[in-house]
Every structure is written in C-alpha cells, then in structure tokens.
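Trainee: Could you walk me through this one slowly? I'd like to understand how each answer is reached.

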Amino acid sequence: MLRQVIVTAMLAVPSLLPAQARPQSVVSSGAAPSTARVPNELGRFPIVEWHQVVAADGTYKVSRERFRAELRELHARGYVPVNLSELLDKTINVPAGKTPVLFTFDDASPSQFRYIERNGTLVVDPTSAVGMLLDFIKVHPDWKPKGLFCALPAAEAGHAFFGDKGIDGQKTAWRFPKLRFLVQQGFELCNHTLWHAKLSKYSDAVVQEQLARAAMAIDSAVPGYRVRGLALPYGLWPKNRALAFNGAWYDKRSKRDVRYRHEAVFEVSGGPARSPYDPAFDARSLPRVPLQGGTKLSNTLDQMDKPGKWARFVSDGNPKTVVTP
Ligand SMILES: [Zn+2]
C-alpha cells in the first residue's frame with residue numbers, strides 16, 4: 001500500500017491546507033508490521049461526553065467503575081487525550097499509530113470534581129471523575145491532563161462550578177479554586193450557559209446574557225481565560241444561530257459590554273468527529289459520543305476500527321505532516 005506524506009505550512013494557512021497540499025514524497029508502508037495501524041490523519045476521532053459519574057449508570061450518568069473502564073479501554077485501544085485548542089489550532093501531536101480523543105464533561109457537578117478537606121488541606125476526591133482521571137494518568141504517563149469542562153456557574157442542585165452550599169460536601173468558596181486547578185493541570189474550560197438555559201426558547205437578549213455572563217464567571221475565576229467553545233444545553237441552538245458564536249451583553253455593574261466568541265460549538269450526539277485536517281471539518285457544529293446508561297463506548301470504537309466513513313484518525317507521529325492512506 002502506498003501512502004501520501006503531505007508536508008505543508010499548516011499553521012500559516014490551516015483552512016487552505018487541502019487545496020494547497022502537494023505530495024512531497026511517497027513512502028511505502030509495506031515494511032510495517034501487520035499489527036501496526038496505518039496512518040490516516042483524515043479519519044475520525046471521538047469527542048466523548050460525560051455528565052455525572054456516580055454510583056450507577058442512568059440517564060446522563062455513568063458509574064465510577066464504568067468511567068474507569070472507559071479510560072482503560074480508550075488507553076488500551078490507542079487513544080490519547082487532546083485539548084480543544086489543539087483541534088482548533090491544528091496542532092495535534094500524538095504518537096504514531098495513536099488516535100486523539102477529546103474528553104468533555106458537562107454540567108459541572110460535584111461528581112466530576114469534589115474536594116475533601118484533610119487536616120485543613122483540600123485534596124481532590126479520588127472517587128470524583130477528576131480524581132479518577134488524574135490517578136489514571138499517574139500510572140499511564142503517556143496521557144496528560146487534557147479535556148474540556150463545560151461548566152455551569154449558577155445552576156441549581158450543586159451544578160454551579162462543581163458544587164456549592166454544602167451540596168455533596170462542597171463549599172461555595174471552593175468553586176473558583178477548582179476552575180483554577182483544572183486550568184493549572186492542563187484541562188480547558190468551555191461555556192455551557194449560566195444555568196443550563198434552553199437557548200432555543202429565549203430572546204436574542206437573554207441568549208447573549210446567558211453566554212456572556214457564563215464567560216464572565218469563568219473570567220472571574222481564571223482572569224483572562226479565553227473561552228473558545230460552547231456546549232449547547234440539550235443540543236438546542238438559539239433561534240438566531242449566529243449568537244451561539246458571537247455576542248455581547250451590557251453589564252450595568254461594571255458599565256461595560258461583555259463579549260464572547262466561540263470558535264467551537266458542541267452538539268450532544270452525532271458519532272465520531274471529522275479530523276480537523278478534513279476539508280469538511282466544521283468546528284461550529286461538533287458531534288459527540290455521549291456516554292451514559294444505554295450507550296456503550298466499545299460500539300463506537302469498534303465501528304472506528306472498521307473501514308468506512310467512521311474509520312479512525314491514526315497519527316503518523318509527525319505534527320508537521322498530514323498523512324493519508
Ligand atoms: Zn448540560
């Protein structure tokens with residue numbers, strides 16, 4: 001089998017890559033062992049979506065055992081976590097033969113990130129998703145702390161930056177430190193509205209207030225943080241779709257316009273996503289693979305191991321080239 005090695009200045013003209021790309025050299029993959037995955041950087045990758053990580057599977061819930069098993073399965077099958085910024089900037093850098101995966105965590109519940117107080121020190125609860133993921137990375141150092149937390153600043157029942165008012169033992173004062181901790185670790189934050197508003201039913205003004213105030217809350221926790229993505233609550237678009245990407249809201253308190261700009265918008269389902277190097281890649285409508293009761297990660301991964309439209313992205317190990325079979 002022949003495969004093309006395309007060398008190009010990707011960073012300079014990412015959107016023009018496919019039209020401008022010219023094969024620079026052609027190499028044979030005949031010598032590769034039969035078990036090696038053939039590079040295919042125009043294949044698909046999964047954007048997995050977790051909500052609550054709790055005692056048992058259910059709607060918007062996976063059990064802690066299942067969450068750990070899903071991490072193990074992704075790792076064993078050659079997936080490596082990446083961040084949204086690497087997709088948007090087209091700087092994916094995963095080893096040869098591996099496939100990127102973007103983790104997304106919606107709704108900011110304590111089940112995702114719980115602190116416990118031990119002798120006056122805050123430690124990450126090892127039974128919360130962040131604790132489990134960081135523990136997994138400790139014993140699998142080829143993974144780094146990457147993934148996207150689509151946080152709600154002000155929803156009810158503890159869905160306010162991972163818990164407040166004593167819900168699930170979480171103090172209100174811990175909310176901002178949690179966001180800062182995530183960013184320091186290497187994770188990223190995304191908008192999910194102020195309190196999980198169904199954007200389809202509101203006026204343009206309310207849509208912009210929901211998105212701008214959520215961005216402002218993240219900025220209060222992590223000053224200067226650039227929010228690049230929005231996860232649509234329930235996958236519902238505002239009537240005026242453009243407002244999902246850009247908008248502004250006047251803050252009477254600070255007497256200024258608070259602006260937001262989302263380069264990426266996440267749907268709630270749709271299967272594995274196209275490669276960022278695929279000309280049809282559209283960050284403004286990114287499909288996801290929801291993991292909850294009734295869904296099974298291995299079904300999606302099995303599909304991606306077969307030839308066809310969901311065939312998986314396989315890296316050639318060189319971030320400067322885009323290799324196709
Ligand atoms: Zn949500």
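**Loops, helices and their contacts**

Trainee: Where is histidine 159 found?
Mentor: Residues are numbered from 1 along each chain as its sequence is written. This is a predicted model, where local features need pLDDT of at least 70 and side-chain atom pairs count only at pLDDT 80 or more, while totals for chains, interfaces and linings use all residues. Helices (H or I, at least four residues) and strands (E, at least two) are DSSP runs, numbered from the N terminus. With those names in hand, histidine 159 sits in the loop between S10 and H5.

Trainee: Is histidine 159 buried or exposed?
Mentor: We count other C-beta atoms, placed from the backbone, within 10 Å of the residue's own: 20 or more means buried, 12 or fewer exposed, and in between partly exposed. Histidine 159 has 25 of them within 10 Å, so it counts as buried.

Trainee: Which residues is histidine 159 in contact with, leaving aside its neighbours within four places in sequence?
Mentor: Contact here means that the C-beta atoms of two residues, placed from the backbone, lie within 7 Å. Proline 110 is 49 residues away in sequence, yet its C-alpha lies 7.4 Å from that of histidine 159. The contacts themselves, with the close sequence neighbours set aside, are Asp107, Ala108, Ser109 and Leu152.

Trainee: What is the phi of aspartate 168?
Mentor: Aspartate 168 also lies in the loop between S10 and H5. With 16 C-beta neighbours inside 10 Å, it counts as partly exposed. Most residues other than glycine have a negative phi, and most peptide bonds are trans. Aspartate 168 isn't a glycine, but its phi is positive, at about 55°.

Trainee: And what is the phi of histidine 196?
Mentor: Histidine 196 is in the loop between S11 and H6, and its 18 C-beta neighbours inside 10 Å make it partly exposed. It isn't a glycine either, and its positive phi is near 65°.

Trainee: How many Å apart are tyrosine 202 and lysine 239 in space, C-alpha to C-alpha?
Mentor: Tyrosine 202 has its place in the loop between S11 and H6. Beyond its neighbours within four places in sequence, tyrosine 202 touches Ala197 and Val207. Lysine 239 is 37 residues from tyrosine 202 in sequence, and in space their C-alpha distance is 7.9 Å.

Trainee: Are H5 and H6 roughly parallel or roughly perpendicular to each other?
Mentor: Axes are lines fitted to C-alpha atoms, for helices over the stretch in contact, and angles run from 0 to 180 degrees between N-to-C directions. H5 (residues 175-185) and H6 (residues 204-221) pack at about 80°, with axes 8 Å apart. Under 35 degrees is roughly parallel, over 145 roughly antiparallel, 65 to 115 roughly perpendicular, and the rest oblique. H5 and H6 are therefore roughly perpendicular.

Trainee: Which elements do the buried residues of H6 pack against?
Mentor: The buried residues of H6 include Val207, Leu211, Ala214 and Ile218. Their partners are H5, S11 (188-191), S12 (229-231), H7 (242-245), S13 (246-251) and S14 (256-261).

Trainee: How many nonpolar residues does the contact of H2 with H4 have?
Mentor: The axes of H2 (residues 64-76) and H4 (residues 129-139) come within 11 Å and cross at roughly 35°. Arg64, Phe67, Arg68 and Leu71 in H2 meet Ala129, Met132, Leu133 and Phe136 in H4. Ala, Val, Leu, Ile, Met, Phe, Trp, Tyr, Cys and Pro count as nonpolar, Asp, Glu, Lys and Arg as charged, and the others, Gly among them, as polar. The contact has 2 charged residues and no polar ones, and the nonpolar count is 6.

Trainee: How many strands does the protein chain have?
Mentor: Of its 325 residues, 41% count as buried. Besides 8 helices, the chain's strands number 17.
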